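Open the model in your viewer and keep the selection tool ready. We will go step by step.

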Amino acid sequence: MWRVMGTTSRGWWCAAGDAVVVVSDDEIARLPNAVVVPMLPPSGSVMSGAAEAAIGDGRVRVGSVACRIVRWWDPQMRPVSARREVVLRGIQQIPPQPLSRPETDLWAALAAGPPAVVDAVGGLLGRGAGLTPDGDDYVTGIIGGYRHVAVSVTGGNAAAIIDDARESILVMARRATNRLSVSLLRHALSGHVAAPVGALLRALTGRGEVGPALADTEAIGHGSGAALVRGVRAGAAAALGVFP
Amino acid sequence: MTDLNALLDVEPVVATAGVELLAEAIRAQGARVTHTDWRPPPSGTEGALAELALEGRRAEGNAEALHRMLVTSPHLVDIVTARDVIPALADGRLLHAGPPIGWDDCSGPLRGALIGAVLYEGMADTPEEASTLAASMALSPCHHHGAVGPMAGVVSPSMPLAVVHDAAGDGVAYATLNEGLGKVLRYGAFDAEVVERLRWMEHVLAPTLRRAIRRRGPIDLQTLIAQALQMGDDGHNRNRAATSLFLRQIGAMLIDDDTPGEDRSDTYRFIDGNDHFMLNLVMAAAKLSVDAASGVAGASLVTAMARNGTEFGIRLSGTGDRWFTAPAPVVDGLFLGSYTAADANPDIGDSAITETVGLGGFAMAASPAIVGFVGGSAAGAVRRTMEMYEITLAEHPSFRIPILEDRGTPTGIDATLVVRTGVVPHINTGIAGKEPGTGMVGAGLVEAPLECFVTAVQALAATAEL
Amino acid sequence: MISAVDVLTGRYYDSVRLMQVTRDVAAVGGVDAAMVAMATDLNVRLLADAGFDIAQIGDVHADDLMIAIRGVDEAAMTAARAAVEIGLASRRPAEYESVFSAPPAHTVGSAAQTAGANLALISVPGTHAFVEAMDALDHGLHVMIFSDNVPIEHELHLKQTGQSRGLLVMGPDCGTAIVGGVGLGFANAVDPGPVAISGASGTGIQQLCCLLDAWGVGVRHALGTGSRDLSAAVGGSSTLQAIAALDADPAVELIIVVSKPPDPSVAVRVEQAVEACRKPVEIALLGEPCVTLEGAARRAVAALGKPADDLPRWVLDQTPDSPGGVLRGFFSGGTLRDEARVIAADLVGDVSIDPAAEGHRLVDYGGEQFTRGRAHPMIDPSIRLQALADAASDPATGVMLLDAVLGYGAHPDPGAEVAPLIELAAGRGIPVVVSLCGARRDPQGRDRQATALRDAGAEVYLSNAAAAHRAASLLPEPSP
């Protein structure tokens with residue numbers, strides 16, 4: 001059973017268990033769990049927190065409001081074959097921003113093993129401001145960055161550390177943060193990312209330009225973009241074993 | 001890694017031209033699309049436009065011409081006498097604005113100015129004698145002699161000319177000195193007051209200014225104009241800021257001189273009292289820049305727009321010195337005093353040279369103080385400037401518009417873009433009275449006639465190497 | 001006549017504003033002359049020239065504002081003074097326009113700069129398409145040219161230029177493409193998925209998309225290449241480019257290459273390119289009865305390891321027997337017509353594509369001779385509707401076959417347009433078969449359209465090959 005969990009002027013989001021679908025008009029960033037409808041219904045017509053929703057068959061229905069879904073996409077990152085130097089050059093094109101202590105800890109933990117990663121993630125989840133707290137955005141970015149770069153440069157199961165920590169991170173996330181964030185984190189753990197983040201990751205591994213993708217990623221949400229970029233940069237650096 | 005891979009990795013951002021339904025269909029999918037306001041070009045131009053799209057030299061030629069234009073560095077270096085630098089004046093010839101014209105086709109203000117020049121040179125005593133004499137004299141466009149003049153643009157042998165030199169090359173361009181508003185020669189007035197002022201300019205203004213400039217050293221006009229745009233000038237119809245900046249540049253030199261104090265204070269007062277003093281110098285700077293861009297094979301860049309009061313003419317870089325003309329349009333504007341549109345002469349003057357380098361109508365967004373000339377609003381001025389980006393090849397590296405986040409002004413008109421879009425250059429200009437001797441009757445905005453761009457593009461296409 | 005010159009000190013306005021006010025005041029009824037200006041020497045003289053008595057204004061300074069009005073009576077003077085006050089008053093905020101509303105881009109080159117576009121869709125009349133497409137390439141955009149009637153030498157130049165710059169030129173005469181899930185031109189609303197298509201055929205792409213959709217297989221890209229791409233003259237330029245790019249896209253799992261009957265030497269080159277691909281490729285180069293779009297789609301689905309069940313069809317309780325006569329076909333899709341022709345010809349002998357032919361004929365109303373100066377029949381069905389009406393009342397008509405193409409860009413309700421004519425034909429005992437090219441999520445509603453067509457009296461098939469086969473089979477056996 002889907003329920004409407006929240007509305008903003010740019011979209012509303014529905015949840016069924018861990019699964020979340022963001023219903024947006026075409027202005028919002030292409031999140032991995034979003035669908036686009038031609039026009040958002042007036043915010044008053046969708047009751048937050050209570051309304052039951054039906055999603056499927058190309059439609060979203062909430063009470064008497066029904067929208068045709070006109071667009072969704074495949075958010076899966078596919079590893080490419082990339083040389084280490086290419087990624088290093090790419091990372092240098094992302095201006096470094098100072099990392100907080102817990103953020104640095106998570107970067108360090110990615111070299112140490114799954115238990116350390118889970119602990120470090122625990123120090124970030126739910127922390128900070130925003131619909132998706134900054135800490136969550138950083139974690140989402142670092143997981144996306146680490147996965148894609150590790151597998152693209154080293155190949156095989158180079159991102160096994162992420163897979164091993166997956167269930168523990170999710171258990172913790174369900175306690176520490178909201179369902180929208182949990183959903184985005186779950187997608188990141190499976191290699192699903194928002195479209196601008198995907199473009200940034202591809203650019204880091206040699207497909208496309210860093211500059212425009214960086215600008216698009218920074219523009220996500222109110223403050224999410226900056227935390228995502230910090231995370232992506234730290235994740236890519238961790239995958240290469242260099243300091244962010 | 002090719003661009004094609006990049007296309008397939010991301011959701012496309014689409015630009016559509018043609019059937020609007022197809023843009024709607026993309027929008028209905030929640031995808032990003034811009035529908036362009038495409039209009040068919042004038043019939044009969046399809047072939048020429050296609051040939052120019054095939055012309056391999058066009059893109060490179062335009063890049064080359066644009067580069068030559070933008071690297072020029074016009075500096076005011078001297079004031080000289082016309083006969084000393086323009087040999088053609090020696091054989092009894094007079095120069096005028098716009099494309100070539102004979103006396104029979106001259107409009108009232110141009111005739112008036114020619115009569116005034118003959119009186120000023122002392123070749124006749126009465127307007128009637130002067131008229132007879134002027135009608136028999138050879139005429140030649142200023143543009144053919146490296147010079148430009150506002151409105152009638154008449155240059156006679158004794159007139160002082162400002163010399164603008166290219167500090168980054170060896171180009172040079174000349175312009176007359178601006179007489180001020182009201183009854184002046186460039187608007188076709190020729191009474192005693194007009195001739196008297198011209199003589200004062202020759203005998204007092206020119207030598208005083210010459211000394212000041214020579215002592216001061218070359219004045220960087222490009223920087224001065226760029227600063228003036230930041231202060232609300234458009235570089236064509238509003239030169240109040242530029243004139244003030246100019247006075248600051250030479251003020252000390254005027255004070256610190258050993259010539260009669262009255263000459264120096266009169267010179268200062270004359271320039272201070274004439275908000276348009278800098279117009280002629282801006283025009284010479286523009287002329288210098290576009291001349292550098294002339295004669296690049298295949299280039300569709302516009303290197304001159306000029307009017308002689310009867311015809312409006314343009315030149316393209318790729319067709320060199322050829323003129324392409326159409327009847328000069330009548331200016332839509334506001335009139336001084338009780339003058340009306342019935343008193344207005346068709347468009348006249350070389351001053352549209354400013355628009356060819358991204359000033360005037362192209363820089364209107366920088367000059368909200370003059371938007372009323374089009375009976376419009378500040379928003380309208382911004383829109384006009386924005387529209388000019390549709391027909392230009394570049395944004396000017398120095399001339400910037402504060403309100404558009406310091407975007408460079410639209411610069412380098414591409415004649416093929418004009419024909420393709422039907423968007424014609426907007427020109428800010430003054431309006432001359434059509435009766436000789438009337439002077440200025442108003443100011444306003446005029447649109448360059450599309451016809452001359454059509455014939456120019458067809459002529460350029462005939463030179464295409466396919 | 002009343003004349004007055006008022007002088008106000010300490011009120012400065014710029015000359016432009018005052019010229020505007022002057023113009024407004026002069027336009028007031030009963031005003032003979034007006035001038036609102038700062039009292040500069042020049043303006044005072046102009047005032048005198050205009051016949052005002054400047055002696056009455058006394059000593060003025062350039063910082064003073066002069067308001068001179070000459071009117072026929074006191075009422076005119078009052079109205080004029082009111083106009084001055086209004087003109088000099090500050091603009092109300094409500095009159096402010098949005099200063100930064102940019103005018104629309106006029107060229108795709110401009111849109112590339114202002115909107116960041118990376119793909120142009122050109123659908124201007126064919127005589128103008130080349131110039132706009134070159135503009136797109138010159139600004140680094142990939143380009144899809146929907147327009148037809150573009151000279152072949154221009155197509156060649158565009159494709160050579162595109163190739164040299166790593167840009168894809170889809171078309172001219174490219175009706176359909178899907179790029180990154182966005183449908184361009186006539187495109188069906190299909191799910192994102194593992195399949196990519198390169199097609200020198202608009203309705204060929206659409207048919208493949210719809211069949212895959214029926215089997216639950218999504219499409220990531222469908223790159224149209226233009227109806228002439230596999231001709232000897234063009235040499236498969238865009239097709240070869242598209243195949244290589246699709247092969248390099250890590251998200252693509254399987255490629256389908258579809259074309260109208262290609263030039264044999266170009267077909268060989270395409271087959272070589274396919275050989276070199278790392279990914280599985282299905283080829284459907286139409287022209288033989290055994291090569292069908294349905295067949296290619298089935299093989300693709302099987303290669304992905306998914307079941308390909310029976311395709312949807314909407315049949316009647318009882319289809320009338322053909323009264324005898326000839327097959328009449330009415331298509332808006334060229335490839336659907338070509339495929340149907342090959343299949344029908346295999347069963348009934350010669351089938352013409354000439355709209356004036358006496359015998360069996362299948363006509364493509366989207367062909368160039370029908371689209372010069374008018375919209376494609378998928379948008380404007382009027383020509384095809386007239387032809388359908390004529391055939392329904394023609395005693396020579398034995399069976400009618402038509403396509404109905406759904407999707408973005410197409411007519412919002414094609415079923416409702418043709419239903420009355422199907423009823424007319426059915427009422428006269430003529431069997432009608434519809435090849436319905438639609439995906440489940442198409443805005444027109446695939447199943448709703450199918451039901452409406454069936455209710456009007458037609459048999460409806462999702463597979464064009466099946467529809468063609470059925471229509472030809474409904475004719476009585478040809479006499480030997």
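Select chain A. This is a predicted model, and 53% of the 244 residues of chain A count as buried. Buried here means under 20% relative accessible area.

Switch to a cartoon view. Look for nine helices and seven strands in chain A.

How does the radius of gyration of chain A sit with a compact globule? The two agree, because a compact globule of 244 residues would have a radius near 18 Å and chain A has 18 Å.

Next, display contacts within chain A. Take those between residues at least 6 apart in sequence: 64% of them join residues at least 24 apart.

Show the surface of chain A. The accessible area is about 10,200 Å². Carbon and sulfur atoms account for 53% of that area.

Bring in chain C. How many residues of chain C are in contact with chain A? There are 12, and they meet 11 residues of chain A. Together the two chains bury about 940 Å², with 51% of it on carbon and sulfur atoms.

Finish by selecting Pro192(C), Pro250(C) and Arg441(C). These three supply 50% of the area that chain C buries against chain A, more than any other three residues.

Definitions and conventions. Residues numbered from 1 in each chain as written. Chains lettered and ligands numbered in written order. Predicted model: local features only at pLDDT ≥ 70, side-chain atom pairs only at ≥ 80, totals over all residues. Heavy atoms only, no water. Helix = DSSP H or I, 4+ residues; strand = E, 2+ residues; numbered from the N terminus. Rg over C-alpha atoms; globule rule 2.2 N^0.38 Å. Buried < 20%, exposed > 50% of the residue type's maximum accessible area, 1.4 Å probe, protein only. Contact = heavy atoms within 4.5 Å. Areas by Shrake-Rupley, 256 points an atom, 1.4 Å probe, with all protein chains shown as cover. Buried area = accessible area lost by both parts, 1.4 Å probe.
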